[in-house]
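Here are some notes for a colleague who is opening this entry without having seen it before. They are meant to be read with the model on screen.

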Amino acid sequence: ELTIYNRGISGNKVFQLAERWDKDCLDLNPNVLSILIGVNDYWHFRNGDYNGTPEIYEKDYRQLLERTRTVLPDIKLVICQPFILTGTSAVDDTWLEPFSVYQKIAAEISDAFDAIWVPFQEAFDKALERAPAIYWAADGVHPSMAGAQLMAETWLNALA
């Protein structure tokens, strides 16, 4: 008996999510809220299209969740780990160290807000034992159908 609203927009960073938060989230009055955000906050900084920093990512993300908890105090939060796959068309090993900071921030926020944590990076890392990175996400960020299936299974297992 679930009603699912997917309001994800490719390329968005946390501040853009916040700009549309009332209409795309709060006005829907959800019981469960699942968020996956962070890769664009780093990627767009990396390619020079955004002046964000890990500190801005954390501040914006925390403000978004504080705002959410104020309006929807009983909401169940699900924070998904932002992930990357190296050795792909867009992601190489130079991403690992700087992007891990964003992943750590997301994990800390999940703990701080008593959210369910969805470990996407670990799931993809384990999946690399079965197939190469390009099978799961050709550019290392946007999942293929196989990657989307892996994400769905990981999400459901986290909530079980």
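Which residues of strand β1 lie on its covered face, and which on its uncovered one?

1. The model is a predicted one. In strand β1, which spans residues 32-36, Leu33 and Ile35 form the covered face. Val32, Ser34 and Leu36 form the uncovered face. In a regular strand, side chains alternate between the two faces of the sheet.

2. The partner to look at next is strand β2, residues 76-80, which pairs with β1 in the parallel sense. Five bridges join β1 and β2. Ile35, already noted on the covered face of β1, stands opposite Ile79 in β2.

3. His44 belongs to helix α3, which covers residues 39-46. The relative accessible area of His44 is 17%, and because buried means under 20%, His44 is buried. Apart from neighbours within four places in sequence, His44 is in contact with Gly11, Lys13, Asp49 and Tyr50.

4. Two helix pairs deserve a look. Two packed helices are described by the angle between their axes and the distance between the axes. For helix α4 (residues 54-71) and helix α5 (residues 96-112), the axes come within 10 Å and cross at roughly 25°. Angles under 35 degrees count as roughly parallel, and α4 and α5 are therefore roughly parallel to each other. Their crossing is right-handed.

5. On the α4 side, the contact with α5 is made by Pro54, Tyr57, Glu58, Tyr61, Arg62 and Leu65. The residues from α5 are Val101, Tyr102, Ile105, Ala106, Glu108, Ile109 and Ala112. Sorted by class, the contact of α4 with α5 has ten nonpolar residues, three charged and no polar ones.

6. The second pair is helix α6 (residues 120-127) with helix α8 (residues 145-159). These helices pack at an angle of about 130°, with their axes 10 Å apart. That angle makes α6 and α8 oblique to each other. The crossing in which α6 passes α8 is right-handed.

7. Which residues make the contact of α6 and α8? From α6 come Phe120, Ala123, Phe124 and Ala127. From α8 come Gly147, Leu150, Met151, Thr154 and Trp155. By class, seven of the residues in the contact of α6 with α8 are nonpolar and two are polar, with no charged residues.

Technical notes
Residues are numbered from 1 along each chain as its sequence is written. This is a predicted model: local features need pLDDT of at least 70, side-chain atom pairs count only at pLDDT 80 or more; totals for chains, interfaces and linings use all residues. Side-chain values use heavy atoms; hydrogens and water are left out. Axes are lines fitted to C-alpha atoms, for helices over the stretch in contact, and angles run from 0 to 180 degrees between N-to-C directions. Helices (H or I, at least four residues) and strands (E, at least two) are DSSP runs, numbered from the N terminus. Angles under 35 degrees count as roughly parallel, over 145 as roughly antiparallel, 65 to 115 as roughly perpendicular and the rest as oblique. A crossing is left-handed if the near helix is turned anticlockwise from the far one by less than a right angle, and right-handed if clockwise. Contact means heavy atoms within 4.5 Å. Ala, Val, Leu, Ile, Met, Phe, Trp, Tyr, Cys and Pro count as nonpolar, Asp, Glu, Lys and Arg as charged, and the others, Gly among them, as polar. Buried means under 20% relative accessible area, exposed over 50%, partly exposed in between (1.4 Å probe, protein chains only). Two strands pair if DSSP finds at least two bridges between them.
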